[in-house]
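Welcome! Open your viewer, and let's take a short walk through this protein together.

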Amino acid sequence: ETGRHVRMLTHEIRSTLDRHTILKTTLVELGRTLALEECALWMPTRTGLELQLSYTLRHQKPVGFTVPIQLPVINQVFSTNRAAKISPNCPVARLRPLAGKYMPGEVVAVRVPLLHLSNFQINDWPELSTKRYALMVLMLPSDSARQWHVHELELVEVVADQVAVALSHAAILEESMRARDLLMEQNVALDLARREAETAIRARNDFLAVMNHEMRTP
(Lines give C-alpha, C1' and ligand atoms only; values in the text may rest on other atoms or scores of the structure.)
Protein backbone atom coordinates (compact mmCIF):
# COMPACT_ATOMS: atom_id res chain seq x y z
CA GLU A 1 0.00 0.00 0.00
CA THR A 2 2.85 2.37 0.85
CA GLY A 3 4.55 1.55 -2.45
CA ARG A 4 1.36 2.28 -4.37
CA HIS A 5 0.98 5.66 -2.66
CA VAL A 6 4.64 6.50 -3.31
CA ARG A 7 4.26 5.71 -7.02
CA MET A 8 1.11 7.80 -7.22
CA LEU A 9 2.66 10.74 -5.40
CA THR A 10 5.87 10.52 -7.43
CA HIS A 11 3.89 10.57 -10.66
CA GLU A 12 1.97 13.66 -9.55
CA ILE A 13 5.05 15.49 -8.30
CA ARG A 14 7.16 14.80 -11.37
CA SER A 15 4.43 15.45 -13.93
CA THR A 16 5.54 19.09 -14.09
CA LEU A 17 8.81 21.02 -14.11
CA ASP A 18 7.40 24.15 -12.49
CA ARG A 19 8.76 24.29 -8.95
CA HIS A 20 5.75 26.11 -7.49
CA THR A 21 3.43 23.46 -8.92
CA ILE A 22 5.74 20.71 -7.64
CA LEU A 23 5.68 22.02 -4.07
CA LYS A 24 1.96 22.82 -3.99
CA THR A 25 1.09 19.42 -5.49
CA THR A 26 3.27 17.72 -2.87
CA LEU A 27 1.36 19.32 0.00
CA VAL A 28 -2.04 18.65 -1.52
CA GLU A 29 -1.33 15.00 -2.30
CA LEU A 30 0.30 14.30 1.06
CA GLY A 31 -2.61 15.99 2.82
CA ARG A 32 -5.11 13.86 0.93
CA THR A 33 -3.21 10.58 1.20
CA LEU A 34 -2.38 10.89 4.91
CA ALA A 35 -5.55 12.81 5.92
CA LEU A 36 -3.48 15.64 7.40
CA GLU A 37 -4.83 18.67 9.18
CA GLU A 38 -1.97 20.79 7.91
CA CYS A 39 1.14 20.44 5.79
CA ALA A 40 3.67 23.21 5.26
CA LEU A 41 7.00 23.85 3.62
CA TRP A 42 9.66 26.18 5.01
CA MET A 43 12.31 27.36 2.53
CA PRO A 44 15.67 28.99 3.41
CA THR A 45 15.87 32.72 2.80
CA ARG A 46 18.53 34.18 0.50
CA THR A 47 20.80 34.89 3.48
CA GLY A 48 20.46 31.30 4.70
CA LEU A 49 19.95 32.52 8.29
CA GLU A 50 16.20 31.90 8.44
CA LEU A 51 13.51 29.57 7.18
CA GLN A 52 10.52 31.22 5.54
CA LEU A 53 7.03 29.76 5.46
CA SER A 54 6.57 29.38 1.70
CA TYR A 55 3.65 26.98 1.20
CA THR A 56 0.80 25.75 3.39
CA LEU A 57 -2.02 23.34 2.73
CA ARG A 58 -4.80 25.20 4.56
CA HIS A 59 -3.42 28.77 4.43
CA GLN A 60 -4.06 29.25 8.12
CA LYS A 61 -0.90 31.28 8.69
CA PRO A 62 0.42 34.08 6.48
CA VAL A 63 3.03 32.92 4.02
CA GLY A 64 6.29 34.82 4.57
CA PHE A 65 6.58 34.21 8.31
CA THR A 66 10.21 33.41 9.26
CA VAL A 67 12.01 31.54 12.04
CA PRO A 68 15.76 31.37 12.82
CA ILE A 69 17.42 28.43 11.11
CA GLN A 70 19.52 27.68 14.20
CA LEU A 71 16.56 26.53 16.30
CA PRO A 72 17.37 23.21 18.04
CA VAL A 73 14.34 21.49 16.49
CA ILE A 74 15.49 22.50 12.99
CA ASN A 75 19.02 21.27 13.64
CA GLN A 76 17.52 18.01 14.90
CA VAL A 77 15.58 17.44 11.68
CA PHE A 78 18.39 18.60 9.39
CA SER A 79 20.86 16.19 11.02
CA THR A 80 19.04 13.10 9.69
CA ASN A 81 17.35 11.99 6.48
CA ARG A 82 14.55 10.36 8.47
CA ALA A 83 11.20 11.91 9.32
CA ALA A 84 11.26 12.98 12.97
CA LYS A 85 8.46 13.64 15.43
CA ILE A 86 8.58 17.18 16.79
CA SER A 87 6.65 19.10 19.44
CA PRO A 88 3.36 20.65 18.24
CA ASN A 89 4.36 23.76 20.20
CA CYS A 90 7.66 24.45 18.41
CA PRO A 91 7.73 27.54 16.13
CA VAL A 92 7.66 25.63 12.83
CA ALA A 93 4.62 23.61 13.95
CA ARG A 94 2.42 26.44 15.26
CA LEU A 95 0.57 26.90 12.01
CA ARG A 96 -3.06 26.82 13.10
CA PRO A 97 -4.99 28.15 16.08
CA LEU A 98 -6.23 25.67 18.65
CA ALA A 99 -9.70 26.44 19.92
CA GLY A 100 -11.09 25.23 23.21
CA LYS A 101 -9.59 22.13 24.76
CA TYR A 102 -8.53 20.43 21.54
CA MET A 103 -5.26 18.57 21.85
CA PRO A 104 -2.86 19.13 18.93
CA GLY A 105 -2.21 16.13 16.74
CA GLU A 106 1.20 14.52 16.35
CA VAL A 107 3.61 16.43 14.13
CA VAL A 108 6.53 15.17 12.07
CA ALA A 109 9.10 17.08 10.07
CA VAL A 110 11.50 15.97 7.35
CA ARG A 111 14.25 17.77 5.48
CA VAL A 112 14.06 18.28 1.71
CA PRO A 113 17.57 18.48 0.22
CA LEU A 114 18.25 21.46 -2.01
CA LEU A 115 21.08 20.85 -4.44
CA HIS A 116 23.99 23.23 -4.87
CA LEU A 117 22.36 26.11 -6.73
CA SER A 118 25.35 28.46 -6.81
CA ASN A 119 25.85 27.62 -10.48
CA PHE A 120 22.27 28.44 -11.37
CA GLN A 121 21.91 32.02 -10.03
CA ILE A 122 18.12 31.76 -10.30
CA ASN A 123 16.10 34.74 -9.16
CA ASP A 124 14.53 34.37 -5.69
CA TRP A 125 16.27 31.06 -5.03
CA PRO A 126 18.71 31.04 -2.12
CA GLU A 127 22.35 31.47 -3.09
CA LEU A 128 23.74 28.23 -1.74
CA SER A 129 27.43 27.56 -1.46
CA THR A 130 26.91 24.65 0.92
CA LYS A 131 24.24 22.01 1.09
CA ARG A 132 21.00 23.38 2.50
CA TYR A 133 17.57 21.99 3.20
CA ALA A 134 13.97 23.01 3.13
CA LEU A 135 11.75 21.77 5.97
CA MET A 136 8.45 19.96 5.46
CA VAL A 137 6.09 19.84 8.45
CA LEU A 138 3.09 17.48 8.54
CA MET A 139 0.36 17.47 11.21
CA LEU A 140 -2.25 14.90 12.09
CA PRO A 141 -5.75 16.16 12.98
CA SER A 142 -6.24 17.74 16.38
CA ASP A 143 -7.96 15.87 19.20
CA SER A 144 -7.63 12.50 17.50
CA ALA A 145 -6.15 9.24 18.66
CA ARG A 146 -4.14 8.83 15.46
CA GLN A 147 -0.44 8.28 15.67
CA TRP A 148 2.20 8.19 12.97
CA HIS A 149 2.87 4.66 11.71
CA VAL A 150 6.19 3.43 10.38
CA HIS A 151 4.91 3.05 6.81
CA GLU A 152 3.59 6.62 6.86
CA LEU A 153 6.97 7.95 7.97
CA GLU A 154 8.65 5.94 5.22
CA LEU A 155 6.26 7.42 2.67
CA VAL A 156 7.07 10.96 3.86
CA GLU A 157 10.83 10.27 3.61
CA VAL A 158 10.59 8.90 0.08
CA VAL A 159 8.37 11.77 -1.07
CA ALA A 160 10.84 14.30 0.37
CA ASP A 161 13.62 12.73 -1.72
CA GLN A 162 11.43 12.74 -4.83
CA VAL A 163 10.63 16.40 -4.29
CA ALA A 164 14.36 17.14 -4.07
CA VAL A 165 14.94 15.41 -7.43
CA ALA A 166 12.00 17.22 -9.05
CA LEU A 167 13.22 20.58 -7.72
CA SER A 168 16.70 19.97 -9.14
CA HIS A 169 15.17 19.26 -12.54
CA ALA A 170 13.06 22.41 -12.27
CA ALA A 171 16.13 24.45 -11.34
CA ILE A 172 18.03 23.15 -14.37
CA LEU A 173 15.05 23.91 -16.61
CA GLU A 174 14.75 27.44 -15.24
CA GLU A 175 18.45 28.05 -15.81
CA SER A 176 18.29 26.71 -19.37
CA MET A 177 15.29 28.95 -20.08
CA ARG A 178 17.13 31.94 -18.63
CA ALA A 179 20.15 31.13 -20.79
CA ARG A 180 17.90 30.81 -23.85
CA ASP A 181 16.22 34.15 -23.13
CA LEU A 182 19.62 35.79 -22.62
CA LEU A 183 20.85 34.36 -25.91
CA MET A 184 17.75 35.63 -27.69
CA GLU A 185 18.29 39.10 -26.22
CA GLN A 186 21.92 39.04 -27.34
CA ASN A 187 20.89 37.93 -30.83
CA VAL A 188 18.35 40.76 -31.04
CA ALA A 189 20.99 43.28 -29.90
CA LEU A 190 23.50 41.94 -32.43
CA ASP A 191 20.93 42.12 -35.24
CA LEU A 192 20.07 45.70 -34.28
CA ALA A 193 23.76 46.64 -34.22
CA ARG A 194 24.24 45.03 -37.63
CA ARG A 195 21.31 46.95 -39.08
CA GLU A 196 22.60 50.21 -37.63
CA ALA A 197 26.07 49.52 -39.03
CA GLU A 198 24.64 48.77 -42.47
CA THR A 199 22.57 51.97 -42.34
CA ALA A 200 25.65 53.98 -41.38
CA ILE A 201 27.67 52.42 -44.22
CA ARG A 202 24.93 53.22 -46.76
CA ALA A 203 24.69 56.80 -45.50
CA ARG A 204 28.46 57.23 -45.76
CA ASN A 205 28.56 55.77 -49.28
CA ASP A 206 25.67 57.99 -50.38
CA PHE A 207 27.40 61.05 -48.96
CA LEU A 208 30.72 60.19 -50.66
CA ALA A 209 28.93 59.58 -53.98
CA VAL A 210 27.18 62.95 -53.83
CA MET A 211 30.36 64.79 -52.85
CA ASN A 212 32.35 63.06 -55.62
CA HIS A 213 29.70 64.01 -58.17
CA GLU A 214 29.57 67.66 -57.03
CA MET A 215 33.37 67.96 -57.08
CA ARG A 216 33.55 66.68 -60.70
CA THR A 217 30.60 68.76 -61.95
CA PRO A 218 30.68 72.16 -60.20
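**First stop: a patch on the surface**

Select Phe207, Leu208, Met211 and Met215: together these residues make a nonpolar patch on the surface, with about 440 Å² of accessible area. Keep in mind that you are looking at a predicted model. Now click on Leu208, which sits in helix H4 (residues 150–216). Is Leu208 buried, partly exposed or exposed? Its relative accessibility is 47%, so Leu208 counts as partly exposed, the class between under 20% and over 50%.

**Second stop: the sheet**

Next, colour the strands. You will find an open sheet of 6 strands, paired antiparallel in the order E3-E2-E1-E6-E5-E4. Which strands lie at the edges? They are strand E3 (66–68) and strand E4 (84–86), each pairing on one side only. From one strand to the next, the twist averages 35°.

Zoom in on strand E1 (residues 38–44) and strand E2 (residues 50–56), which run antiparallel and are joined by 5 bridges. Select Ala40 and look across to Thr56 in E2, which stands opposite.

Now show helix H2 (residues 19–34), which packs on the sheet. Helix H2 touches E1, E2 and strand E6 (132–139), and its direction makes about 65° with that of E2.

**Last stop: the whole protein**

Zoom out to see 4 helices and 6 strands. Follow the chain along the sequence and you can trace the pattern α-α-β-β-β-α-β-β-β-α. Of the 218 residues, 40% count as buried.

How values were computed:
Residues numbered from 1 in each chain as written. Predicted model: local features only at pLDDT ≥ 70, side-chain atom pairs only at ≥ 80, totals over all residues. Heavy atoms only, no water. Pairing = 2+ DSSP bridges. Helix = DSSP H or I, 4+ residues; strand = E, 2+ residues; numbered from the N terminus. Axes fitted to C-alpha atoms, helices over the stretch in contact; angles between N-to-C directions. Contact = heavy atoms within 4.5 Å. Patch = residues over 30% accessible without salt bridge, like charges linked within 9 Å, V, L, I, M, F, W, Y side chains within 5 Å. Areas by Shrake-Rupley, 256 points an atom, 1.4 Å probe, with all protein chains shown as cover. Salt bridge = Lys/Arg side-chain N within 4 Å of Asp/Glu carboxyl O. Buried < 20%, exposed > 50% of the residue type's maximum accessible area, 1.4 Å probe, protein only.
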